[in-house]
Amino acid sequence: MGDDVSSLGDLWAKIQGLFEDTNSRIDSCKTDLEIRITSVEAKLLELKTDCSVSVKQVSERLDETRNDLYAVSNQLDRLERAHDLILNGVPFSQNEDLQVLFRMIAAKLAYNPANTPIVSLKRLSKQAITVGTSPPILCQFAIRNERIELYGRYLRSRNLTLRDVGFESNNRIFLNENLTPQAREVRSEALKLKKQGHLHQVYSRDGIVCVRSAAGADPVGVFSTGQLLASCKKPLS
């Protein structure tokens, strides 16, 4: 009986030893697995960080490329309009002769008739033009320097009226640069801000809208409404 108990005890001890050895191996494997998992997680985190940085860099480069392409496109658009001026405020009349009208404007701006710039003229309208309406007149100069000279003379006087072109009216007529669609949008917003007292002066030069925040301030060329708002002399309410 004693021998049987002793044998069972030895067997149980051996079984316990096997369990302890197995548990030890399991713990060892678990520890090793945790170390490997931690290492994998660290590498994944590093990879994620690298990918995030790479994606951010790619995104920034794409934005830079997009902005560069837009700037080039906008510059080309301005160059296409560099020979142009837009005349506003002249009512359409039957049998009008735009060349005669232009020569009258040139005379008002102190041009010798023999030196009147060569220019192509046409009304801009998507619909049929009716008497009394005033679609703008596109003035396309053969020589860009002549366009610059005439526009400079106009800016120095800013004193053209309908009476100067044969109408019985003192209403003003206006010469402006032929701006790109975005520049027109910027100019329109700038004029609103000027009317509200946020800007001192708004004008365009070579197709670029320029603003002065206050009298005596340096002019700033603006290319977007966001940049325009940043140019205001006081915060917008």
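The following exercises, each with a worked solution, concern selected residues of a predicted model.

Local features rest on pLDDT of at least 70 and side-chain atom pairs on pLDDT 80 or more, whereas totals for chains, interfaces and linings use all residues. Residues are numbered from 1 along each chain as its sequence is written, and side-chain values use heavy atoms, with hydrogens and water left out.

**Exercise 1.** Determine where Lys122 lies and which residues it touches, not counting residues up to four places away in sequence.

*Solution.* Begin with the secondary structure: helices (H or I, at least four residues) and strands (E, at least two) are DSSP runs, numbered from the N terminus. Lys122 belongs to strand E2, residues 119-123. Next, apply the contact criterion, heavy atoms within 4.5 Å. With residues up to four places away in sequence left out, Lys122 touches Leu98, Pro136, Ile137 and Leu138. The C-alpha atoms of Lys122 and Cys139 are separated by 7.0 Å, and these residues are 17 apart along the chain. Finally, consider accessibility: buried means under 20% relative accessible area, exposed over 50%, and partly exposed in between (1.4 Å probe, protein chains only). Lys122 is partly exposed because its relative accessible area is 45%.

**Exercise 2.** Describe the backbone and the salt bridge of Asp206.

*Solution.* First, locate Asp206 in the loop between strand E5 (201-205) and strand E6 (208-212). Its phi is positive, about 55°, although Asp206 is not a glycine. Second, recall that a salt bridge is a side-chain nitrogen of Lys or Arg within 4 Å of a carboxyl oxygen of Asp or Glu. Asp206 forms one with Arg144, the closest N and O atoms being 3.3 Å apart. This pair links distant parts of the chain, since Arg144 is in helix H3, 62 residues from Asp206. Third, compare accessibilities: Asp206 is partly exposed at 43%, and Arg144 is partly exposed at 31%.

**Exercise 3.** State how many salt bridges the structure holds, and examine two further pairs.

*Solution.* The structure holds eight salt bridges. One of them joins the side chains of Asp164 and Lys108, at 3.8 Å from N to O. Here Asp164 is in the loop between H3 and E4 and Lys108 is in helix H2 (residues 98-108), 56 residues apart. Another pairs Glu149 with Arg153, whose closest N and O atoms are 2.8 Å apart. Because these two residues are four apart in helix H3, about one helical turn separates Glu149 from Arg153. Glu149 is partly exposed at 35% relative accessibility, and Arg153 is partly exposed at 22%.
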